[in-house]
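Take a look at the sequence and the structure first, and then we can go through the details together.

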Amino acid sequence: MFNAVIAAAAEGESANPLLPAVYDIVWSLVIFVVILFFFWKYVLPKMQKLLDDRAEAIEGNIAKADDAQRKAEAALEQYTAQLADARAEAGQIREQARADGHKIIAEHKDQALAEAARVTSNAKAQIEAERQAAVVSLRSEVGTLAIDLASGVIGESLTDDAKSSAIVDRFLADLEASEKAAK
């Protein structure tokens with residue numbers, strides 16, 4: 001190799017070691033064009049198709065995600081609306097229950113008042129009947145006592161029932177009239 005350097009120096013040619021020979025450049029250019037044509041015709045379209053398919057898949061997934069997002073938002077809105085409706089319905093049911101409770105209480109109060117009025121009326125009627133029975137009983141006893149007393153004062157027997165009854169009734173009527181006049 002040293003001999004080749006010496007031989008090249010002896011020839012006097014000045015060859016640039018950085019610049020290759022013309023035939024190397026030409027053959028390299030031909031191979032580059034062939035490889036470029038091969039890449040241009042076969043590899044780049046396949047690569048472009050692969051990238052386009054990938055871009056479509058990504059766009060499709062983005063569209064699906066957007067669609068799923070819209071559906072989720074719609075479902076959330078629907079759930080929120082149903083929840084609000086359920087709360088409103090629960091409020092109405094509570095209000096209806098309160099109204100029904102007040103109505104039932106009022107009905108029971110009315111029934112209790114009616115029952116109390118009926119019991120009071122029956123008690124008053126019973127008291128009046130017992131009072132009338134007591135008055136009749138007292139009249140007959142007072143009449144009998146008055147006749148016995150009058151018989152003892154007069155010294156005669158007042159056995160005539162019709163006459164003694166008339167006297168007792170007149171006496172009690174006078175007594176009641178004087179009692180009413182005093183009031």
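Is Arg98 buried, partly exposed or exposed? Arg98 is partly exposed, because its relative accessible area is 46%, where buried means under 20% relative accessible area, exposed means over 50%, and partly exposed lies in between (1.4 Å probe, protein chains only). This is a predicted model, in which local features need pLDDT of at least 70 and side-chain atom pairs count only at pLDDT 80 or more, while totals for chains, interfaces and linings use all residues. Residues are numbered from 1 along each chain as its sequence is written, and side-chain values use heavy atoms, with hydrogens and water left out.

**Confidence**

- The protein has a mean pLDDT of 84, pLDDT being the predictor's confidence in each residue on a scale from 0 to 100.
- Residues that reach 70 or more make up 81% of the protein.
- Helices are DSSP runs of H or I with at least four residues, strands are runs of E with at least two, and both are numbered from the N terminus.
- Where pLDDT is low, the predicted coordinates should not be read in detail.

**Regions listed in UniProt**

- An unreviewed UniProt entry lists a "transmembrane region" at residues 25-44; UniProt positions follow the numbering used here, feature names are shortened, and annotations may be inferred rather than shown by experiment.
- In the model, residues 25-44 are 100% helix and 0% strand, with the end C-alpha atoms 25 Å apart.
- The unreviewed entry also gives a "coiled-coil region" at residues 62-96.
- Residues 62-96 are likewise 100% helix and 0% strand, and their end C-alpha atoms are 50 Å apart.

**Salt bridges**

- Side chains of opposite charge can pair when their charged atoms come close.
- The whole structure contains 6 salt bridges, each defined as a side-chain nitrogen of Lys or Arg within 4 Å of a carboxyl oxygen of Asp or Glu.
- One of them joins Arg98 to Glu95, with 2.7 Å from N to O.
- Arg98 and Glu95 are 3 residues apart in helix α2, so about one helical turn separates them.
- Glu95 is partly exposed, with a relative accessible area of 47%.
- Asp53 and Lys49 form another salt bridge, at 3.3 Å from N to O.
- Both Asp53 and Lys49 lie in helix α2, 4 residues apart, which is about one turn of the helix.
- Lys49 counts as exposed because its relative accessibility is 54%, whereas Asp53 is partly exposed at 37%.
- Glu115 and Arg118 also meet in a salt bridge, at 2.2 Å from N to O.
- About one helical turn separates Glu115 and Arg118, because they are 3 residues apart in helix α2.
- Glu115 has a relative accessible area of 38% and is partly exposed; Arg118 is partly exposed as well, at 41%.

**Aromatic pairs**

- A pair of aromatic rings is described by the distance of the centres and the angle of the planes.
- There are 2 aromatic pairs in the structure; rings of Phe, Tyr and Trp (its six-membered ring) pair if their centres lie within 6.5 Å, and planes under 30 degrees apart count as stacked, over 60 as edge-to-face and the rest as tilted.
- Phe38 and Phe39 make an edge-to-face pair, 6.3 Å centre to centre with 85 degrees between the planes.
- The pair of Phe38 and Tyr42 is tilted, because the ring centres are 5.6 Å apart and the planes stand at 45 degrees.
- Phe38 and Tyr42 are 4 residues apart in helix α2, so they are separated by about one helical turn.
- Phe38 is partly exposed at 45% relative accessible area, Phe39 is partly exposed at 41%, and Tyr42 is partly exposed at 47%.
- Through these ring pairs, Phe38, Phe39 and Tyr42 are linked into a cluster.

**Nonpolar surface patch**

- Val22, Tyr23, Val26, Trp27, Val30 and Val34 form a nonpolar patch on the surface, with about 650 Å² of accessible area together.
- Such patches are made of residues with over 30% relative accessible area and no salt bridge, where like charges are joined within 9 Å and nonpolar side chains (Val, Leu, Ile, Met, Phe, Trp, Tyr) within 5 Å.
- Accessible areas come from the Shrake-Rupley method with a 1.4 Å probe, and for residues only the protein chains shown count as cover.
- Val22 is placed in helix α2 and counts as exposed, with 63% relative accessibility.
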